[in-house]
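Subject: Structure handover

Hello,

Here is the structure you will be taking over. Please open it first, then read the notes below.

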Amino acid sequence: MDTIEQIVAGFRAQLPSDSMTAAAIDRGAPVEEISACAAAEGLHSFAGALFEACEVRATDGLPDSDTRPLGDIRGRLAEFRRDLPTDSAAARAIDAGASLEEISEAAAQEGLDSLTALLMESEQEQIGRGR
């Protein structure tokens, strides 16, 4: 399962069945349409995660793929953080400025698949760039 599929699957489980976004996912709509539905319904972290994953896929393997510095990842984490409850281990790790690996582990333990997928992709990119 690729990153985008993981993000979609993680969020789909949380969506009510009468959601426009859920309907788009269920009928196998293109990721752009799913993202547009999510944005229209105010699911900004979901739309952002899809956008980020599409950006990574679009630049993957290209010589100038260094388009997402760590600061941008921290910005995306701040967006995810707003949607997390205060008692979340992932939220506490984000608040503490923990490493991406630590945040990813906490997110995985809490079943936050979309956040885990985003962080795993970021970690792989950093490794690929020698950071």
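The protein has 8 helices and 0 strands. Along the sequence the pattern reads α-α-α-α-α-α-α-α. Keep in mind that this is a predicted model.

Next, burial and surface. The protein has 131 residues, and 43% of them count as buried.

Then contacts. Take those in the protein with a separation of 6 or more: residues 24 or more positions apart account for 48% of them.

Now the charged pairs. Side chains of opposite charge can pair when their charged atoms come close. How many salt bridges does a search of the whole structure find? The search finds 2.

One links Arg12 and Asp26, with the closest N and O atoms 2.9 Å apart. Arg12 lies in helix H1 (residues 3–12) and Asp26 in helix H2 (residues 20–26), so the pair ties together parts that are 14 residues apart in sequence. Is Asp26 buried or exposed? Asp26 is exposed, at a relative accessible area of 51%. The cut-off for exposed is over 50%.

Glu33 has 30% relative accessibility, so Glu33 counts as partly exposed. Arg27 has 53% and counts as exposed.

That is the handover.

Best wishes

Conventions:
Residues numbered from 1 in each chain as written. Predicted model: local features only at pLDDT ≥ 70, side-chain atom pairs only at ≥ 80, totals over all residues. Heavy atoms only, no water. Helix = DSSP H or I, 4+ residues; strand = E, 2+ residues; numbered from the N terminus. Buried < 20%, exposed > 50% of the residue type's maximum accessible area, 1.4 Å probe, protein only. Contact = heavy atoms within 4.5 Å. Salt bridge = Lys/Arg side-chain N within 4 Å of Asp/Glu carboxyl O.
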